[in-house]
Amino acid sequence: MTQLRLGRPVWLGRDTRTPRQTYQSLKAHQDVDVAIVGGGITGSAVALTFANAGVRVALVEAALVGRGSTAASTALLLQELDMGLTELGRRYGAAKAQRIWELSAFAARDFVKTVRRVGIACELTEQDSIYYTIGPDRVARRVRTPM
């Protein structure tokens with residue numbers, strides 16, 4: 001298997017000991033409402049959301065939770081979308097574009113709250129960001145949105 005990363009991922013904190021499996025292996029039939037395959041950041045977040053809603057959920061991971069491509073990520077959480085507000089407005093209309101932007105901001109804030117609430121030790125810090133462009137012709141098309 002190709003090595004996705006070198007070094008210690010920030011998601012796993014500063015503990016340098018060899019990671020150990022700390023969850024039970026699947027040994028028998030499980031009666032659940034939802035089965036999530038993959039214990040990366042997305043699978044884990046979805047499983048937590050279902051469990052908090054009272055849904056019986058099983059998370060199935062072949063290796064160690066939080067490893068693989070999750071551990072290879074930059075661990076950078078941004079509220080910004082891949083599209084600017086102007087482009088979203090052209091595609092979906094102004095009201096829907098603004099709602100998409102607001103939901104993106106809400107999702108980022110909610111993720112931060114969840115990380116803190118469940119006590120994930122990942123040196124989470126909030127920082128202001130700056131938007132930059134490679135050409136001045138792109139600046140006029142960007143619209144600043146108040147948070």
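Student: What should I know about the model before reading values?

Tutor: It is predicted: local features need pLDDT of at least 70, side-chain atom pairs count only at pLDDT 80 or more, and totals for chains, interfaces and linings use all residues. Residues are numbered from 1 along each chain as its sequence is written, and side-chain values use heavy atoms, with hydrogens and water left out.

Student: Which pattern does the chain follow along the sequence?

Tutor: Helices (H or I, at least four residues) and strands (E, at least two) are DSSP runs, numbered from the N terminus. Here there are three helices and two strands. Their order is β-α-β-α-α.

Student: How much of the chain counts as buried?

Tutor: Buried means under 20% relative accessible area, exposed over 50%, partly exposed in between (1.4 Å probe, protein chains only). Of 147 residues, 18% are buried.

Student: Which residues make up the largest nonpolar core?

Tutor: Such a core is a set of buried Ala, Val, Leu, Ile, Met, Phe, Trp, Tyr and Cys residues joined through side-chain atoms within 4.5 Å. The largest has five: Met83, Leu85, Leu88, Ala97 and Trp101.

Student: Why does Asp33 count as partly exposed?

Tutor: Because its relative accessibility is 48%. Asp33 sits in the segment before β1 (34–37).

Student: What is Asp33 in contact with, beyond four places in sequence?

Tutor: Contact means heavy atoms within 4.5 Å. Asp33 touches Val55 and Arg56 on that basis. Its C-alpha atom is 5.9 Å from that of Val57, 24 residues apart along the chain.
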